[in-house]
Amino acid sequence: MHADVTYTEIEGLIALKSKSARWPASSNTYLLVSDNKSLIIDPGCGFHERAKLIEKVLKNEKVDMFESVIVLTHAHPDHMGATKFLSTKRILIHAIEVEYAKNPSLLSKPFDISFIKNVFGKYSQFDLIEYFAGLCPIYGVDAIAINDRISFGDYTLKVILTPGHSPGHISLYLKSERVLFSGDLLGDVMAWYSPSAGGVEAYLESLSRLEKLKVDIIMPSHGSPTTPERIETEREILEQREKKILEEIEKGIGSREELSKSLFGKRWSFLTNLLIVESHLRKLRKEGKVTELFK
Ligand SMILES: [Zn+2]
Ligand SMILES: [Zn+2]
């Protein structure tokens, strides 16, 4: 779980950037330091190394861990796993995600595991938490619901609900510095989305919400800092996928499997790709553009 430690141009902001932006790599961790306290945004996968690195960096900054606060953008293993190994004053997450933070086995719901099991036999024996355990472990933690705003030392961050990838996913806006911590919603690799996390509709609405902010730089959970242009790029990806699905249906494709193959090739049966296809199908059905339920 190695990461590059960067002391950014923004005063008090330290970035621990993971070597890879792809699953099962840890999310990046951002540390805001003020008055010997730190706001730790997304500690990363549940391995001791990441927690030790966070502690080491903060020790150099003379930070008191017991006065520090962890904020989780959402309760996925690559963001919250290492939380268990850090002793902070509080752990904050959106109210919608509190249950998943306390009991990660409930994540089967926003991952739509029962739908996947019903439709795709390949996943009949699949256990989400077991799958995470080998790659990027997750443990339940005692998180509490975050307010609309976090005031922390010299900084105030606005909490913006941005579902689509997970139902209570948040982005954090540091207006004074025109910086946005986008979680998984924006970044080098576009996040997957699932019906129970809000699907395509929620994702598009979240992008519109972020577009309204005055932002110079976006600090994503995966990959390098990016700019607000990334919002339009992601909207285009969503629109292109929808267009492709409609074209394929027009041509006569009539199964989820075939649709996923046309969108994702060899990786068609990967859980999150199946969820992406299903998210589009549900949107299109609601809009009356697809009438039949795919088998
Ligand atoms: Zn995630
Ligand atoms: Zn992630």
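These exercises walk through a predicted model of one protein chain.

**Exercise 1. The whole chain**

Find how many helices and strands the chain has, and decide how its radius of gyration compares with the globule rule.

*Solution.* 
Step 1. Count the elements. The chain has 9 helices and 12 strands.
Step 2. Take the radius of gyration. It is 19 Å, close to the 19 Å that the globule rule gives for 295 residues, so the chain is as compact as a globular protein of that length.
Step 3. Look at the box. Along the principal axes, the C-alpha atoms fill roughly 65 × 40 × 30 Å.
Step 4. Check burial. Of the 295 residues, 41% are buried.
Step 5. Check the contacts. Among those with a separation of 6 or more, 62% join residues 24 or more positions apart.

**Exercise 2. Strand E2 and its partners**

Which strands pair with E2, and in what sense do they run?

*Solution.* 
Step 1. Start with E1 (residues 3-7). It runs antiparallel to E2, and 5 bridges join the two. In one of these pairings, valine 5 has leucine 16 of E2 as its bridge partner.
Step 2. Check the turn. The hairpin of E1 and E2 has 5 residues between the strands, and its glycine 12 takes a positive phi near 85°.
Step 3. Go on to E3. E2 and E3 are also antiparallel, with 4 bridges. Here alanine 15 stands opposite tyrosine 30 in E3.
Step 4. Inspect the link. Proline 24 lies in the loop between E2 and E3. A cis peptide bond joins proline 24 to tryptophan 23, with omega about 10°.
Step 5. In E2, 5 of the 6 residues are buried, so the strand is largely enclosed by the rest of the structure.

**Exercise 3. Two residues with positive phi**

Aspartate 42 has a positive phi, and so does arginine 178. Where does each lie, and is each buried or partly exposed?

*Solution.* 
Step 1. Read the angles. Phi is about 60° for aspartate 42 and about 55° for arginine 178.
Step 2. Locate them. Aspartate 42 is in the loop between E4 and H1. Arginine 178 is in the loop between E10 (170-174) and E11 (179-183).
Step 3. Apply the cut-off: 20 or more C-beta neighbours within 10 Å means buried. Aspartate 42 has 26 inside 10 Å, so aspartate 42 counts as buried. Arginine 178 has 14 inside 10 Å, so arginine 178 counts as partly exposed.

Technical notes: Residues numbered from 1 in each chain as written. Chains lettered and ligands numbered in written order. Predicted model: local features only at pLDDT ≥ 70, side-chain atom pairs only at ≥ 80, totals over all residues. Rg over C-alpha atoms; globule rule 2.2 N^0.38 Å. Buried ≥ 20, exposed ≤ 12 C-beta atoms within 10 Å, placed from the backbone. Contact = placed C-beta atoms within 7 Å. Pairing = 2+ DSSP bridges.
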